[in-house]
Amino acid sequence: MEKIALLWKKFKDNKVRCGLCNHRCIINDGDYGLCGVRKNKKGKLYSLVYGKAIAKNIDPIEKKPFFHFLPGTKSYSIATVGCNFSCLHCQNADISQFSKERTIEGSGFTLGRDLLPEEIVENALKNDCKSIAYTYTEPTVFTEYALDTMKLAKKKGLKNVWVSNGYMTKECLDLIAPYLDAINVDLKSFSEDFYREVCGARLAPVLENLKTIKKKRIWLEITTLLIPTKNDSEKEIKKIAKFISKELGRETPWHISRFFPAYKLVYLPPTDTAVIKKAVEIGKTEGLKYVYSGNIPGDSYEDTYCPKCGAKMIDRTGYFIERFDKKGKCAECGEDLNIIE
Ligand code: SF4
């Protein structure tokens, strides 16, 4: 379903500028934005993916990953096609880069199945999910669809969580913030070169948004995928850890994930697990309370330890979790474990 877009302006000659993400695309009449799912039709900008889900799944919230937000609950997860990044290592390139590599209209390829916001909320409630996750691709590019769903979800007592690259504009963030309970932002690197060459974007707006998200008191977790030779130097890992610790707060969970060859980076090897473990240690040395490994099933670095006394308070094996805490406090010493229930 097409829907008139949010946050755009019209210029002369029927050109429009989209204000959803920091690309701020200027789009000629008949053209698409960089994300491929927003089109200028006769001087008006439309979302082409409203009500069109390309993925819907019931996932453990730990899969997003969120380790400190509603642990042990299910999240109804949805996505549309399209993304404003073009990461060379994308794990979901079949749906995120879909629209950039094929012409949507008249291509014969589907944009997704009809699934209205009301149905998403209904399905989430029916399946005992505590939240709705806007995930797999970049929710910023389907903000209209997400926002309508988020408003309905809130009314029904469900939480809303985004898994995002954090590249939305300030205006977009202001729009969604009142309905957004938690967000996991991919801080992909601490280098502008990496963002430009690997993702087709810029680092600075992401850092700005992370600080704003924290100020708005939205629960924030960070994920960094370490890619061999691209962003896995100790120097860069230290820079990310310092930024999180100083600018976002020591209680911000940081997930450091193992890369596996994908999309256009199939020629690189998987990340050595020793590199991930070293990065976790660097994060802790920089004062972060909760640093986790990702994509290493059964690893002890997936567990939550009390930052004060060191006792294990949440044991995770894959998506099985066992809790020993007392209502978010350490059962041994009473320290707050920064868990949002
Ligand atoms: S969401 Fe971003 S990439 Fe897509 S049209 Fe708007 S500014 Fe361009």
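R316 lies over the face of F67, at 4.0 Å from the ring centre. A charge is said to sit over a ring if NZ of Lys or CZ of Arg is within 6 Å of the ring centre and within 35 degrees of the ring normal. K214 is placed likewise over the face of W219, at 5.6 Å from the ring centre.

The model is a predicted one, in which local features need pLDDT of at least 70 and side-chain atom pairs count only at pLDDT 80 or more, while totals for chains, interfaces and linings use all residues. Residues are numbered from 1 along each chain as its sequence is written, and side-chain values use heavy atoms, with hydrogens and water left out.

Aromatic rings also meet one another. A pair of aromatic rings is described by the distance of the centres and the angle of the planes. Rings of Phe, Tyr and Trp (its six-membered ring) pair if their centres lie within 6.5 Å; planes under 30 degrees apart count as stacked, over 60 as edge-to-face and the rest as tilted. A search of the whole structure finds 8 aromatic pairs. In one of them, the rings of Y50 and Y145 have their centres 5.5 Å apart and their planes at 50°, so the pair is tilted. This pair links distant parts of the chain, 95 residues apart: Y50 is in the loop between β6 (44-47) and β7 (52-53), and Y145 is in helix α4 (residues 143-155). Helices (H or I, at least four residues) and strands (E, at least two) are DSSP runs, numbered from the N terminus. Both Y50 and Y145 are buried, where buried means under 20% relative accessible area, exposed over 50%, and partly exposed in between (1.4 Å probe, protein chains only).

F190 and F243 form a tilted aromatic pair, 5.7 Å centre to centre with 50° between the planes. Here F190 is in the loop between β13 (182-186) and α6 (192-199), and F243 is in helix α8 (residues 234-248), 53 residues apart. F190 counts as partly exposed because its relative accessibility is 22%, whereas F243 is buried, with a relative accessible area of 9%. Elsewhere, ring pairs link F85, Y167, F194 and Y195 into a cluster.

Helix α8 itself comes next. The expected span of a helix is 1.5 Å times one less than its number of residues. The buried residues of α8 are E236, I237, I240, A241, F243, I244, S245 and L248. They are covered by elements including α7 (204-215), β14 (219-226), β15 (254-258) and α9 (273-285); contact means heavy atoms within 4.5 Å. G249 follows α8 and has a positive phi, near 110°.

Helix α7, with 12 residues, should span 16 Å, and its end C-alpha atoms are 17 Å apart, which agrees. Among its buried residues are P205, V206, L207 and K214. The buried residues of α7 pack against α5 (170-176), β13, α6, β14 and α8. Just after α7, R217 takes a positive phi of about 60°.

Strand β11 (residues 131-134) has parallel partners. Two strands pair if DSSP finds at least two bridges between them. Strand β9 (residues 74-79) is joined to β11 by 4 bridges and runs parallel, with S77 opposite A133 in β11. Another 4 bridges join β11 to strand β12 (residues 159-164), also in parallel, and S131 stands opposite K159 in β12. In a regular strand the side chains alternate between the two faces of the sheet. In β11, S131 and A133 point one way and I132 and Y134 the other way, and all are buried.

β11, α4 and β12 make a right-handed β-α-β unit. A crossover is right-handed if, with the strands pointing away from the viewer, the path from the first strand over the helix to the second runs clockwise. T149 is located in helix α4 and counts as buried, at 0% relative accessibility. Not counting residues up to four places away in sequence, T149 touches P117, I120, V121, I132 and Y134.

A separate open sheet has 3 strands in the order β1-β6-β5, with antiparallel pairing. Because β1 (3-4) and β5 (38-41) stand at the edges, each with a single partner strand, one side of each is left without a neighbour in the sheet. β5 and β6 run antiparallel and are joined by 4 bridges; K41 stands opposite K44 in β6.
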